[in-house]
Amino acid sequence: MILSVSHLTKSYDGKDILRDVSFHLEERDRAAVTGVNGAGKSTLLKQITGEETPDQGSIVFPKDKTMACLSQNPHMEPGRNIYEEVLSVKASLIAMEEELRALEHRMQALSEGAASASASVSADADADSEKKAELDSVYQRYAELSHSFEEQGGYALKSNVTGILKGLGFSEADFSLPTEVLSGGQKTRLSLGKLLLSEPDLLLLDEPTNHLDIASIAWLESYLRSYRGTVIIVSHDRYFLDRIVTKVIDIENGSLRLYEGNYTAFAEKKAQLRKDMMKAYLNNQAEIRHQQEVIAKLKQFNREKSIKRAESREKMLAKIERVEKPFDVDDAMKLHFAPSHISGNDVLQAEGLSKAFDGKTLFTGVALDVKRGEKLAIIGPNGTGKTTLLKIIDGALTPDSGELRFGAKVELAYYDQEHHVLNPDNTVFEEISDTYPSMTNTEIRNLLAAFLFTGDDVFKEVRDLSGGEKGRLSLSKLMLSRANLLLLDEPTNHLDITSKEILEEAIRNYEGTVIYVSHDRYFINRTATRILELSEGSFVNYIGNYDYYLEKKADPDFDEKKALSGVESELSGRSGNAANQKRSAADEKAAALRDYMEREEANTKRNWQEQKERRTRLQKLRSELSGCEKEIERLEARDFELDDIMSHPEIATNSARLNELSAEKAELAEKLAKRYADWEAASEALEAFENEE
């Protein structure tokens, strides 16, 4: 065991972020930490690294092991270039290498001195002996140091540095760049490279795929799968987690649960667990409610035995263990894209598009033919022009050459990953009211609440919003646009997993057309009907989702040129030849209508029969319950009557009549007891039947 967390609690401002959480990890475990934004994922990492101290509980990590955590705001030593900065984490190996070089020079000098001395007839024997002893000592030190250097990977060090930097998207030309000129994303990638090279026993990664393109993420996956240490990852990249993790640490409402398996296995288990917990809760509530109703009815009968039965049931009710209601995540945004009108079948056509910046050509000769309803993902390494292409389609940039044509009734809306469409000086409320002045205050409030802006949140200034909040606000404006062509630039950035899943469903159900840039492979796999890979200045088409793309990339017989030139025929094949469609349309519609009517008729008959049987059963149960209640009322009325008769003085002195009435009263008591039991059974049967799905 490399890490043990026991009964850990951490609170801020009186609110428990983590409450009595415990788990442990073994060596070489690869664990994901999941939870909605604000659940406490980063807080847990801070407790483990010692950046913060838990309020209660303990964290045990072996003293002879090393730990390192990826920082989103890394410090870089000024005066170093990229290569030197990464190499700095192996300063001890660099020092060993320098000593080895010095020893080599010393050995050479001593060897040359010894050779000169032996050639001289006047050589001093004592001096020779001292030089030989020194040479032996240097040889011994060199052998020991060389062995240690090899064991610690010194001879592969520079090769490893180069491999890591290239894997993380740096070219060899970048290696000499000073760290002072790097962007925030580049610094984060560089920090990740230093962390990987240092090879700690416990590696903690907070959003490691941020700022990485798909190729770099795939490289990182491969690296971490073979990593010899233990890894803890906080990430919203579900595809990444699926391919790496062996355990999932899920934080929800301050509690923690550990699941075995990858992300998909966790999601399935959690969904089933939540379903089972909700079912148990609802059954528990139904049982409590039923007992309360029976108790109330028994008390209503107002007989000594019925009151005793009610008191007995009250004791039983008090002993029923209450099942706690499962935590219901109340931070799911409501998102639905609905175009105001349908575009023509031909949405967008482009021919010969090219674009260059500062003499660097991004792409040339790009051709596009986008049909209505397509969900088209643009992928490729960073800096190849994916966002540039979106901006050309949006009209924000002009191509250097080529032509762009939109089809009939096309109306587009653009989601910018930098959120330039938002005014930083506006409040959240003003951002919507300024863009859509016809909306009432109530309508705006309701809309913003659907995107998780409630209370005073609507008065926050846009400049003060987090990345996730800006993303939700931009999505709300996109939804209001009612456009039939959506251009999305990295729409899942800064969204938590729940919000990503909601966006996926919204896009899948959208009747319009979507063209988007994304590095989120899980998102692409769930939404894309076609992938355009920007490679070496041109596009290669893959008619399918991300799994299809990977399959074709691995296929040695896949012809990229054929895929590029044949995309139009494949797309047109989807819609079919217009003439053939017209000839067969009537027959197909008639056959489809017949099938539909037959199915509907069969379903109607079956549903009618099922409903009839259900109504009959329900009527019978209600009749049984009503019959029990009427019989109880009749028997209780006769029991009251007997009590009244037996109280008369003339009856008290008539022993024969008194015995007769007493026997009848005893018989009534037996019948009432049976009827009470019958009523309870009928009540429970009716309750169970009404609760059936």
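**Entry 1: the model**

I note at the outset that the model is predicted.

**Entry 2: the open sheet**

I looked up the strand order of a sheet. I found an open sheet of 6 strands, in the order β14-β15-β16-β12-β17-β18, with mixed pairing. Its edge strands are β14 (412-415) and β18 (538-542), each of which pairs on one side only. From one strand to the next, the twist averages 15°. I recall that strands of a sheet pair through backbone hydrogen bonds, in either the parallel or the antiparallel sense.

**Entry 3: strand β16 and its partners**

I then turned to strand β16, which spans residues 513-517. Which strands pair with β16, and in what sense? Strand β15 (residues 485-489) pairs with β16 in the parallel sense over 5 bridges. Within this pairing, Leu487 has Ile515 of β16 as its bridge partner. Strand β12 (residues 375-379) also runs parallel to β16, and 4 bridges join the two. Here I recorded Val517 in β16 as the bridge partner of Ile378.

Is β16 mostly covered or mostly uncovered? I found the strand mostly covered, with 5 of its 5 residues buried. Side chains in a regular strand alternate between the two faces of the sheet. In β16 both faces are covered: Thr513, Ile515 and Val517 are buried on one side, and Val514 and Tyr516 are buried on the other.

**Entry 4: the antiparallel pair**

I next examined strand β17 (residues 530-535), which runs antiparallel to β18 and is joined to β18 by 5 bridges. Leu532 stands opposite Asn541 in β18.

**Entry 5: the cavity**

How many cavities of 30 Å³ or more are there? I recorded a count of 1. The largest cavity holds about 40 Å³ of space. Its lining consists of Phe337, Ala338, Pro339, Leu478, Met479, Ser481, Arg482, Ala483, Leu486 and Tyr510. By class, this lining divides into 8 nonpolar residues, 1 polar and 1 charged. Helix α14 (residues 467-481) provides the largest share of the lining, 3 residues.

**Entry 6: salt bridges**

Side chains of opposite charge can pair when their charged atoms come close. I noted 44 salt bridges in the structure, and I examined several of them.

The side chains of Glu99 and Arg141 form a salt bridge at 2.9 Å, N to O. Glu99 belongs to helix α3 (residues 91-119) and Arg141 to helix α4 (residues 125-151), so this pair ties together parts that are 42 residues apart in sequence. Glu99 counts as partly exposed because its relative accessibility is 30%. Arg141 is also partly exposed, at 34% relative accessibility.

I also looked up Lys270 and Asp250, a salt bridge in which the closest N and O atoms are 2.8 Å apart. Lys270 lies in helix α9 (residues 263-301) and Asp250 in strand β8 (residues 247-252), so the pair ties together parts that are 20 residues apart in sequence. Is Lys270 buried or exposed? With a relative accessible area of 18%, Lys270 is buried, and Asp250 is buried at 5%.

A further salt bridge joins Asp369 and Lys371, with the closest N and O atoms 3.6 Å apart. I recorded Asp369 as buried, at 10% relative accessibility, and Lys371 as buried, at 16%.

Finally, I found a network of salt bridges that links Arg238, Lys500, Glu504, Glu505, Arg508, Asp520 and Arg526.

Terms used
Residues are numbered from 1 along each chain as its sequence is written. This is a predicted model: local features need pLDDT of at least 70, side-chain atom pairs count only at pLDDT 80 or more; totals for chains, interfaces and linings use all residues. Side-chain values use heavy atoms; hydrogens and water are left out. On a 1 Å grid over the protein atoms alone, a cavity is a set of points where a 1.4 Å probe fits but cannot get out, and a pocket is an open set with protein on both sides within 12 Å along at least five of seven lines; lining residues have an atom within 4 Å of a point. Grid points are joined across faces, edges and corners, and a volume is the space filled by probe spheres set on the points. Ala, Val, Leu, Ile, Met, Phe, Trp, Tyr, Cys and Pro count as nonpolar, Asp, Glu, Lys and Arg as charged, and the others, Gly among them, as polar. Two strands pair if DSSP finds at least two bridges between them. Axes are lines fitted to C-alpha atoms, for helices over the stretch in contact, and angles run from 0 to 180 degrees between N-to-C directions. A salt bridge is a side-chain nitrogen of Lys or Arg within 4 Å of a carboxyl oxygen of Asp or Glu. Buried means under 20% relative accessible area, exposed over 50%, partly exposed in between (1.4 Å probe, protein chains only).
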